[in-house]
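Subject: Structure handover

Hi,

Here is the structure we talked about. Please open it alongside the notes below.

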Amino acid sequence: MCGIVGYIGDKMAVPVLINGLKKLEYRGYDSSGVAIFNNSDLDVVKCKGRLSALEEKVIPKSLNGMVGIGHTRWATHGEPNDINSHPHISKSGNIAVVHNGIIENYMKLKEFLQEKGFKFISETDTEVVAHLVEYHYRGDLVKAVKDTIEELEGSYALGVICKFHPDEFVAARKDSPLIVGLGKGENFIASDIPAILEHTRDVYILEDKEIVHLKKDEVKIFNILGAEVKKDVFHVSWDVASAEKSGYEHFMMKEMCEEPKVIRDTINPRIKDGKIVLDDIKITPGDLENIDKIFIVACGTAYHAGVVGKYIIEKFAKIPVETDLASEFRYRNPLITDRNLVIIISQSGETIDTLFALRESKKRGARVLSIVNVVGSSIARESDDVLYTWAGPEIAVASTKAYNTQLTALYLVALDLACKQGSIDEETCTRIIDEMRELPSALEKVLADKADIQKFASEHYNAKSIFFIGRGLDYALSMEGSLKLKEISYIHSEAYAGGELKHGTIALIEKGTLVICPMTQDYLLEKMISNIKEVKARGAVVMAITQEKNKEVEKAADIVIKIPDVDSVLAPVTAITPMQLFAYYMAIEKGCDVDKPRNLAKSVTVE
Ligand code: F6R
């Protein structure tokens with residue numbers, strides 16, 4: 001979603017801002033802009049399209065200022081065009097604002113400001129913020145921003161500069177991420193860490209309704225009451241290379257190739273003397289006696305991981321689990337009580353629907369355990385217990401390695417709960433733990449054998465519609481395989497439970513329709529073979545994904561992608577990768593921008 005970068009220091013601000021914004025391109029955007037102090041003026045340059053279009057517009061202007069704010073916009077209010085792009089300026093042109101999020105009461109504020117003589121030129125909600133800061137401004141920019149955010153409803157990360165304050169700028173946030181980068185003689189704001197990583201690894205993570213006042217040698221943070229807040233510096237442990245392509249053509253391929261490593265990183269520190277030790281999860285056997293139901297809540301790919309989580313927590317820990325889409329959960333008045341555990345899953349830790357579902361759950365008394373990738377993110381900070389997935393930065397919009405680590409984390413949680421419940425015997429637990437440790441090397445083999453998938457994609461990339469079918473855990477996997485394909489290759493696709501297809505959707509299967517079948521569940525193999533026969537009888541071409549040992553699948557499917565022989569219960573971690581690779585190669589064959597698919601954003605910080 002939108003990206004923000006702000007800079008104050010001794011360097012030329014324009015290249016710092018544009019390079020920073022380039023590091024946020026993965027979040028998705030359709031226009032961009034900068035506002036810079038240029039001599040004694042405040043210059044704003046912005047336009048629709050990629051950052052290269054902005055660069056072309058900026059260069060002839062010779063903007064030499066050393067203070068500025070920049071933005072990439074993902075349109076919500078008003079189409080992507082030059083006027084709706086950020087920064088937005090106030091009536092007098094003295095104040096410029098960049099904003100991520102949605103101002104929900106902007107219509108009311110707009111009417112108020114129009115009555116006071118402010119004229120609006122864009123269709124955006126953000127423009128009200130620029131005018132409102134000007135309305136409140138009496139010579140103190142921090143106070144003007146504070147008075148402004150007191151009137152805002154909704155979500156925001158804001159960067160504000162003012163012509164009368166050439167040596168400072170102000171930022172604030174609520175429900176939309178914003179960090180402050182701390183340099184030597186220079187300081188930054190950004191909506192995500194990669195934007196500033198080449199300059200500093202020391203950051204402050206802002207909390208809701210905090211206001212930060214930046215000068216080149218000083219950063220002060222205030223709460224909404226105006227009191228100064230002292231914060232710990234957060235040191236980012238990963239380096240620039242983790243957020244670069246490192247020789248790969250696309251981030252998505254790089255991130256799939258990292259799967260063995262990140263699975264290892266997620267498992268290894270949590271296994272001590274052959275036992276699972278989740279230091280960060282404080283749930284005791286006594287606490288579990290009071291938990292009669294678990295909800296898993298998430299969006300998109302993280303939700304699909306949650307569907308796997310339901311199967312495995314019920315299997316091992318014997319506690320009923322309901323899996324919910326965060327955007328639905330929040331508004332359906334869920335029957336949550338203090339006898340429930342809510343597991344929240346999120347790569348970014350900032351997805352607004354998921355964050356609000358977390359808050360709703362806490363309000364109703366539930367304990368919240370989150371499985372999150374981004375350290376220090378809002379979801380991590382607001383949860384009772386956090387289990388980090390050590391996937392490292394995920395830049396490609398389509399989630400790959402984060403999904404595999406979310407599954408891995410869910411296995412750890414399921415086994416941990418099962419041990420605390422006494423619902424698993426030691427021998428089974430030890431066997432599963434041992435097999436989990438084999439997952440990284442199994443994944444290495446899957447990644448080494450990608451040629452067949454690439455060839456199959458080169459023969460089928462013109463497909464108009466593709467079905468994914470599976471049973472049990474393979475149904476959960478089918479949902480994720482289908483999502484991956486449609487989001488990056490734009491091919492229509494649907495996921496169905498193998499046994500459900502004949503209740504309607506089989507009407508769409510005709511000669512040449514492609515059907516992808518993950519088949520990793522031993523006890524469901526025969527049933528799936530029957531389902532393959534049903535679609536093949538109607539002309540479908542079938543690609544199956546199964547463990548090497550399942551020779552009988554070869555007779556049923558047109559092509560079989562073999563994965564190493566891992567236990568059925570753990571197979572989702574290895575079986576998803578061929579589907580991720582399939583989506584990738586289909587998108588490449590079609591000439592799509594795999595890392596930045598159309599209309600999508602990495603971190604969805606609006607409802
Ligand atoms: C798909 C994808 C999205 C995210 C979803 C939730 O590849 O990336 O479906 O999974 O927006 O995002 P997080 O996990 O950051 O909450």
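Helix 7 contributes most to the lining of the largest pocket, with three residues. Helices (H or I, at least four residues) and strands (E, at least two) are DSSP runs, numbered from the N terminus. Strand 15 (234-235) and helix 7 are the elements that give two or more residues to this lining. The pocket holds about 760 Å³ of space. Its lining has 40 residues, and W238, N373, V374, G392 and P393 lie nearest the centre. By class, the lining splits into 17 nonpolar, eleven polar and twelve charged residues. Ala, Val, Leu, Ile, Met, Phe, Trp, Tyr, Cys and Pro count as nonpolar, Asp, Glu, Lys and Arg as charged, and the others, Gly among them, as polar.

This is a predicted model: local features need pLDDT of at least 70, side-chain atom pairs count only at pLDDT 80 or more, and totals for chains, interfaces and linings use all residues. Residues are numbered from 1 along each chain as its sequence is written, and side-chain values use heavy atoms, with hydrogens and water left out.

A cavity is a set of points where a 1.4 Å probe fits but cannot get out; a pocket is an open set with protein on both sides within 12 Å along at least five of seven lines; lining residues have an atom within 4 Å of a point. Grid points are joined across faces, edges and corners, and a volume is the space filled by probe spheres set on the points.

Two cavities of 30 Å³ or more turned up in the whole structure. The largest cavity has about 60 Å³ of space. C2, R73, W74, T76, H86, H99, G101, T124, D125 and T126 line it. That makes two nonpolar, six polar and two charged residues.

P87 sits in the loop between strand 4 (67-73) and strand 5.

Seven strands form an open sheet in the order 5-6-7-8-12-13-14, with antiparallel pairing. Strand 5 (88-89) and strand 14 (228-229) are the edges, each pairing on one side only. Two strands pair if DSSP finds at least two bridges between them. Strand 13 (residues 218-222) and strand 14 run antiparallel and are joined by two bridges. I221 has V229 of strand 14 as its bridge partner.

Back to helix 7 (residues 259-267), which includes T266. T266 is buried, at 0% relative accessibility. Buried means under 20% relative accessible area, exposed over 50%, partly exposed in between (1.4 Å probe, protein chains only). Beyond its neighbours within four places in sequence, T266 contacts T389, W390, T405, T408, A409 and L412; contact means heavy atoms within 4.5 Å. T266 and A409 are 143 residues apart in sequence, yet 7.1 Å apart C-alpha to C-alpha.

Helix 9 (residues 300-317) is largely enclosed by the rest of the structure, because 13 of its 18 residues are buried.

D175 has about 60°, in the loop between strand 8 (169-174) and strand 9 (179-182). D273 has about 50°, in the loop between strand 16 (271-272) and strand 17 (275-276). D175 is buried at 3%; D273 is exposed at 80%.

Best wishes

Key
1 Å grid on protein atoms, 1.4 Å probe; cavity = no way out; pocket = protein on both sides within 12 Å on 5 of 7 lines; lining within 4 Å.
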